[in-house]
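Welcome, and please have a look at the structure shown below.

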Amino acid sequence: MGRPHQAVADGQAVLEVGALRHAIGGRALFDGLALTLGIGESIAVTGPSGSGKSTLLSCILGLIKPDAGTIRVVGTEITTLRTSRMASLRAQRIGMVFQFGELLPELSPLDNVVLAALLSHNGVGARQRAQRLLANLGVPEAVTSQELSGGERQRTAVARALINEPALLLADEPTGALDSHTRDRTADQLFDLPRQYSCGLLVVTHDPGVAARADRTLLLSGGALEAASTGAGSR
Ligand SMILES: Nc1ncnc2c1ncn2[C@@H]1O[C@H](COP(=O)(O)OP(=O)(O)OP(=O)(O)O)[C@@H](O)[C@H]1O
(Lines give C-alpha, C1' and ligand atoms only; values in the text may rest on other atoms or scores of the structure.)
Protein backbone atom coordinates (compact mmCIF):
# COMPACT_ATOMS: atom_id res chain seq x y z
CA MET A 1 0.00 0.00 0.00
CA GLY A 2 2.30 2.76 -1.26
CA ARG A 3 2.39 6.14 0.37
CA PRO A 4 0.32 8.80 -1.41
CA HIS A 5 3.37 11.05 -1.18
CA GLN A 6 7.12 10.91 -1.46
CA ALA A 7 8.65 8.18 0.71
CA VAL A 8 11.11 9.06 3.46
CA ALA A 9 14.69 8.34 2.39
CA ASP A 10 16.75 5.90 4.45
CA GLY A 11 18.60 7.72 7.21
CA GLN A 12 16.47 10.86 6.87
CA ALA A 13 15.22 12.37 10.11
CA VAL A 14 11.44 12.51 10.31
CA LEU A 15 11.60 15.22 12.98
CA GLU A 16 14.29 17.80 13.73
CA VAL A 17 13.63 20.42 16.39
CA GLY A 18 16.29 23.08 16.96
CA ALA A 19 16.78 25.96 19.42
CA LEU A 20 13.09 25.96 20.28
CA ARG A 21 11.91 28.75 22.57
CA HIS A 22 8.40 29.31 23.78
CA ALA A 23 6.82 31.02 26.76
CA ILE A 24 3.24 30.83 28.02
CA GLY A 25 1.99 33.46 30.46
CA GLY A 26 5.52 34.82 30.89
CA ARG A 27 6.95 31.39 31.84
CA ALA A 28 9.58 29.93 29.50
CA LEU A 29 8.53 26.37 28.65
CA PHE A 30 11.24 25.77 26.04
CA ASP A 31 14.62 27.41 26.21
CA GLY A 32 16.76 26.13 23.36
CA LEU A 33 15.07 22.71 23.18
CA ALA A 34 16.46 20.35 20.50
CA LEU A 35 15.38 16.91 19.34
CA THR A 36 16.04 14.63 16.38
CA LEU A 37 13.96 11.55 15.60
CA GLY A 38 14.95 9.11 12.89
CA ILE A 39 12.89 6.78 10.77
CA GLY A 40 12.23 3.51 12.57
CA GLU A 41 13.09 5.11 15.92
CA SER A 42 11.00 5.69 19.06
CA ILE A 43 11.47 8.36 21.72
CA ALA A 44 9.55 8.72 24.99
CA VAL A 45 9.32 12.20 26.52
CA THR A 46 8.70 12.37 30.25
CA GLY A 47 8.71 15.27 32.68
CA PRO A 48 6.79 16.86 35.51
CA SER A 49 3.21 17.94 35.06
CA GLY A 50 3.13 21.38 33.45
CA SER A 51 6.67 21.14 32.05
CA GLY A 52 5.35 21.54 28.50
CA LYS A 53 5.16 18.03 27.02
CA SER A 54 1.74 18.47 25.41
CA THR A 55 2.71 21.96 24.28
CA LEU A 56 5.72 20.44 22.50
CA LEU A 57 3.39 18.08 20.63
CA SER A 58 1.14 21.02 19.72
CA CYS A 59 4.16 22.87 18.30
CA ILE A 60 5.14 19.80 16.24
CA LEU A 61 1.55 19.50 14.99
CA GLY A 62 1.72 23.15 13.92
CA LEU A 63 -1.14 24.09 16.26
CA ILE A 64 1.07 26.41 18.33
CA LYS A 65 3.64 28.68 16.71
CA PRO A 66 6.74 28.76 18.92
CA ASP A 67 8.37 32.08 19.79
CA ALA A 68 11.63 31.01 18.10
CA GLY A 69 13.44 27.99 16.73
CA THR A 70 12.97 25.46 13.95
CA ILE A 71 10.80 22.37 13.54
CA ARG A 72 11.34 20.22 10.48
CA VAL A 73 8.94 17.39 9.67
CA VAL A 74 10.46 15.13 7.01
CA GLY A 75 12.67 18.03 5.93
CA THR A 76 9.92 20.66 5.76
CA GLU A 77 10.28 23.64 8.09
CA ILE A 78 6.80 24.00 9.57
CA THR A 79 7.08 27.09 11.75
CA THR A 80 6.77 29.34 8.71
CA LEU A 81 4.11 27.37 6.82
CA ARG A 82 0.73 28.87 5.98
CA THR A 83 -2.22 27.31 7.82
CA SER A 84 -3.56 25.49 4.74
CA ARG A 85 -0.17 24.03 3.83
CA MET A 86 0.36 22.97 7.45
CA ALA A 87 -3.04 21.28 7.50
CA SER A 88 -2.21 19.23 4.43
CA LEU A 89 1.27 18.31 5.71
CA ARG A 90 -0.28 17.28 9.03
CA ALA A 91 -2.87 15.13 7.25
CA GLN A 92 -0.30 13.43 5.02
CA ARG A 93 2.74 13.11 7.24
CA ILE A 94 1.68 13.06 10.90
CA GLY A 95 -0.47 10.61 12.87
CA MET A 96 -1.67 11.46 16.37
CA VAL A 97 -2.96 9.25 19.18
CA PHE A 98 -4.66 10.98 22.11
CA GLN A 99 -5.04 9.73 25.69
CA PHE A 100 -8.72 8.89 25.35
CA GLY A 101 -8.72 7.78 21.71
CA GLU A 102 -11.16 10.54 20.73
CA LEU A 103 -13.12 8.26 18.39
CA LEU A 104 -16.57 9.08 17.07
CA PRO A 105 -18.57 6.73 19.33
CA GLU A 106 -21.54 6.22 16.97
CA LEU A 107 -19.31 5.05 14.11
CA SER A 108 -17.85 1.56 13.82
CA PRO A 109 -14.11 1.17 14.42
CA LEU A 110 -13.72 0.60 10.68
CA ASP A 111 -15.58 3.79 9.77
CA ASN A 112 -13.57 5.80 12.30
CA VAL A 113 -10.39 4.72 10.56
CA VAL A 114 -11.73 5.08 7.01
CA LEU A 115 -13.01 8.58 7.79
CA ALA A 116 -9.49 9.74 8.61
CA ALA A 117 -8.38 8.59 5.15
CA LEU A 118 -11.31 10.29 3.42
CA LEU A 119 -10.64 13.56 5.25
CA SER A 120 -7.07 13.42 3.94
CA HIS A 121 -8.24 12.74 0.35
CA ASN A 122 -6.64 9.31 0.64
CA GLY A 123 -9.77 7.22 0.17
CA VAL A 124 -8.63 4.83 -2.58
CA GLY A 125 -8.30 1.39 -1.01
CA ALA A 126 -8.89 2.91 2.44
CA ARG A 127 -11.43 0.30 3.52
CA GLN A 128 -9.05 -2.57 2.82
CA ARG A 129 -6.14 -0.74 4.46
CA ALA A 130 -8.27 -0.01 7.53
CA GLN A 131 -9.46 -3.63 7.77
CA ARG A 132 -5.88 -4.84 7.60
CA LEU A 133 -4.67 -2.38 10.24
CA LEU A 134 -7.51 -3.20 12.63
CA ALA A 135 -6.95 -6.93 12.17
CA ASN A 136 -3.20 -6.53 12.77
CA LEU A 137 -3.92 -4.60 15.97
CA GLY A 138 -6.49 -7.16 17.14
CA VAL A 139 -9.55 -4.90 17.09
CA PRO A 140 -12.78 -6.91 16.73
CA GLU A 141 -15.56 -5.85 14.36
CA ALA A 142 -18.27 -3.82 16.07
CA VAL A 143 -21.33 -1.82 15.01
CA THR A 144 -20.22 1.18 17.07
CA SER A 145 -16.87 1.95 18.65
CA GLN A 146 -18.54 2.63 22.00
CA GLU A 147 -19.04 -1.16 22.26
CA LEU A 148 -15.27 -1.67 22.38
CA SER A 149 -13.16 -2.03 25.49
CA GLY A 150 -10.79 0.81 26.41
CA GLY A 151 -7.81 -1.03 24.95
CA GLU A 152 -9.66 -1.87 21.73
CA ARG A 153 -10.70 1.77 21.39
CA GLN A 154 -7.12 2.89 21.86
CA ARG A 155 -5.86 0.39 19.27
CA THR A 156 -8.54 1.72 16.89
CA ALA A 157 -7.10 5.19 17.50
CA VAL A 158 -3.66 3.81 16.62
CA ALA A 159 -5.07 2.33 13.38
CA ARG A 160 -6.66 5.71 12.59
CA ALA A 161 -3.32 7.44 13.15
CA LEU A 162 -1.64 4.98 10.78
CA ILE A 163 -4.19 4.96 7.95
CA ASN A 164 -2.44 7.70 5.96
CA GLU A 165 0.96 6.02 6.45
CA PRO A 166 2.47 8.90 8.41
CA ALA A 167 6.21 9.41 8.61
CA LEU A 168 5.80 10.77 12.13
CA LEU A 169 3.56 9.26 14.78
CA LEU A 170 2.84 11.29 17.94
CA ALA A 171 1.10 9.98 21.04
CA ASP A 172 0.09 11.90 24.18
CA GLU A 173 -0.34 9.56 27.18
CA PRO A 174 -1.69 6.85 24.85
CA THR A 175 -2.05 4.28 27.64
CA GLY A 176 -2.96 6.67 30.46
CA ALA A 177 -6.57 5.51 30.59
CA LEU A 178 -5.86 1.74 30.45
CA ASP A 179 -5.48 -0.95 33.10
CA SER A 180 -2.00 -2.46 33.43
CA HIS A 181 -2.63 -5.57 31.30
CA THR A 182 -4.20 -3.57 28.47
CA ARG A 183 -1.52 -0.92 28.84
CA ASP A 184 1.19 -3.54 28.29
CA ARG A 185 -0.44 -4.97 25.17
CA THR A 186 -1.13 -1.55 23.67
CA ALA A 187 2.34 -0.22 24.50
CA ASP A 188 4.02 -3.32 23.03
CA GLN A 189 2.10 -2.80 19.79
CA LEU A 190 2.77 0.93 19.74
CA PHE A 191 6.52 0.58 20.06
CA ASP A 192 6.60 -2.10 17.33
CA LEU A 193 5.14 0.40 14.86
CA PRO A 194 8.27 2.42 13.90
CA ARG A 195 9.99 -0.63 12.44
CA GLN A 196 6.80 -2.23 11.14
CA TYR A 197 5.59 0.88 9.31
CA SER A 198 8.88 2.80 8.81
CA CYS A 199 7.90 5.86 10.80
CA GLY A 200 9.30 7.75 13.78
CA LEU A 201 7.37 7.57 17.06
CA LEU A 202 7.33 10.28 19.75
CA VAL A 203 5.38 9.34 22.87
CA VAL A 204 4.64 11.62 25.83
CA THR A 205 4.11 9.55 28.94
CA HIS A 206 4.26 9.70 32.73
CA ASP A 207 4.49 5.92 32.88
CA PRO A 208 8.08 4.62 33.32
CA GLY A 209 6.97 1.17 32.17
CA VAL A 210 5.78 2.61 28.86
CA ALA A 211 8.82 4.89 28.47
CA ALA A 212 11.13 1.90 29.00
CA ARG A 213 9.94 0.42 25.70
CA ALA A 214 11.27 3.39 23.69
CA ASP A 215 14.68 3.39 22.02
CA ARG A 216 15.46 6.59 23.95
CA THR A 217 13.79 8.33 26.89
CA LEU A 218 14.17 12.09 27.27
CA LEU A 219 13.26 14.22 30.25
CA LEU A 220 11.82 17.69 29.67
CA SER A 221 13.41 19.78 32.37
CA GLY A 222 14.42 23.42 32.57
CA GLY A 223 13.07 24.05 29.08
CA ALA A 224 15.29 21.46 27.35
CA LEU A 225 15.37 17.71 26.76
CA GLU A 226 18.01 15.59 28.44
CA ALA A 227 18.64 11.85 28.42
CA ALA A 228 16.71 10.11 31.17
CA SER A 229 17.03 6.69 32.65
CA THR A 230 13.77 4.88 33.20
CA GLY A 231 15.51 2.25 35.31
CA ALA A 232 15.92 -1.41 34.45
CA GLY A 233 12.94 -3.65 34.99
CA SER A 234 10.44 -0.82 35.26
CA ARG A 235 8.03 -2.43 32.80
N1 LIG B 1 -3.87 27.40 26.24
C2 LIG B 1 -3.18 27.65 27.36
N3 LIG B 1 -3.36 28.81 28.05
C4 LIG B 1 -2.67 29.07 29.16
N5 LIG B 1 -1.75 28.25 29.68
C6 LIG B 1 -1.52 27.09 29.05
C7 LIG B 1 -2.21 26.73 27.86
N8 LIG B 1 -1.77 25.53 27.45
C9 LIG B 1 -0.85 25.14 28.35
N10 LIG B 1 -0.70 26.09 29.29
C11 LIG B 1 0.23 26.02 30.44
O12 LIG B 1 1.50 25.66 29.91
C13 LIG B 1 2.14 24.77 30.81
C14 LIG B 1 2.51 23.48 30.08
O15 LIG B 1 1.34 22.76 29.78
P16 LIG B 1 1.41 21.33 29.11
O17 LIG B 1 -0.01 20.83 29.00
O18 LIG B 1 2.20 21.40 27.89
O19 LIG B 1 2.21 20.49 30.21
P20 LIG B 1 2.45 18.93 30.33
O21 LIG B 1 3.89 18.73 30.61
O22 LIG B 1 1.89 18.23 29.13
O23 LIG B 1 1.57 18.59 31.61
P24 LIG B 1 0.82 17.25 32.05
O25 LIG B 1 1.90 16.23 32.28
O26 LIG B 1 0.14 17.64 33.31
O27 LIG B 1 -0.13 16.88 30.95
C28 LIG B 1 1.21 24.55 31.98
O29 LIG B 1 1.61 25.39 33.02
C30 LIG B 1 -0.15 24.96 31.43
O31 LIG B 1 -0.98 25.44 32.42
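Predicted model: local features only at pLDDT ≥ 70, side-chain atom pairs only at ≥ 80, totals over all residues.

The buried set in α3 is made up of Pro-109, Leu-110, Asn-112, Val-113, Val-114, Ala-116 and Ala-117.

Just past the end of α3 you will find His-121, with a positive phi of about 55°. His-121 is a residue other than glycine, and it sits in the loop that runs between α3 and α4. In general, most residues other than glycine have a negative phi. Is His-121 buried or exposed? His-121 counts as exposed, because it has 12 C-beta neighbours inside 10 Å.

## Helix α4, one face in and one face out

Follow the chain onward to α4, which covers residues 126–136. Its buried residues are Ala-126, Arg-129, Ala-130, Leu-133 and Leu-134. Looking down the axis of α4, you would see these buried residues fall within an arc of 130°, so they line one face of the helix. Gln-128 and Ala-135, on the other side of α4, are exposed.

Which helices does the buried side of α4 pack against? The partners are α3 (109–119) and α5 (150–162). After α4 comes Gly-138, which has a positive phi near 75°.

## The nonpolar core

The largest nonpolar core holds 62 residues. Within this core, Val-14, Leu-15 and Ala-159 have the most contacts.

Setting aside neighbours within four places in sequence, Ala-159 is in contact with Val-113, Ala-130, Leu-133, Leu-134, Leu-137 and Val-139. Some of these names have come up already: Val-113 is among the buried residues of α3, while Ala-130, Leu-133 and Leu-134 are among those of α4.

## A buried serine in a loop

Between α4 and α5 there is a loop, and Ser-145 is found in it. Ser-145 is buried, because 23 other C-beta atoms lie within 10 Å and the cut-off for a buried residue is 20 or more.

What does Ser-145 touch, if residues up to four places away in sequence are not counted? The list is Leu-103, Pro-105, Leu-107, Ser-108, Pro-109, Asn-112, Arg-153 and Thr-156. Of these, Pro-109 and Asn-112 are also among the buried residues of α3.

## A four-stranded sheet

Now turn to the strands. Four of them form an open sheet in the order β2-β1-β4-β5, with antiparallel pairing. The edges are taken by β2 (27–38) and β5, each with a single partner strand, so one side of each is left without a neighbour in the sheet.

You can walk across the sheet pair by pair. Nine bridges join β1 and β2 in the antiparallel sense, and Val-17 stands opposite Leu-35 in β2. Next, β1 (residues 13–24) pairs with β4 (residues 68–73) over five bridges, again antiparallel. Here Glu-16 has Arg-72 in β4 as its bridge partner. Finally, β4 and β5 (residues 76–77) run antiparallel and are joined by two bridges, with Thr-76 in β5 as the bridge partner of Val-73. The hairpin of β4 and β5 has two residues between the strands, and in this hairpin Val-74 takes a positive phi near 45°.

## One more loop to visit

A last stop is Ser-198, in the loop between α6 (180–197) and β8 (200–204). Its phi is near 50°, a positive value in a residue other than glycine. Ser-198 is partly exposed, because 16 other C-beta atoms lie within 10 Å.

Terms used
Residues numbered from 1 in each chain as written. Arc of directions from axis to C-beta. Contact = placed C-beta atoms within 7 Å. Core = buried A, V, L, I, M, F, W, Y, C linked by C-beta atoms within 7 Å. Pairing = 2+ DSSP bridges.
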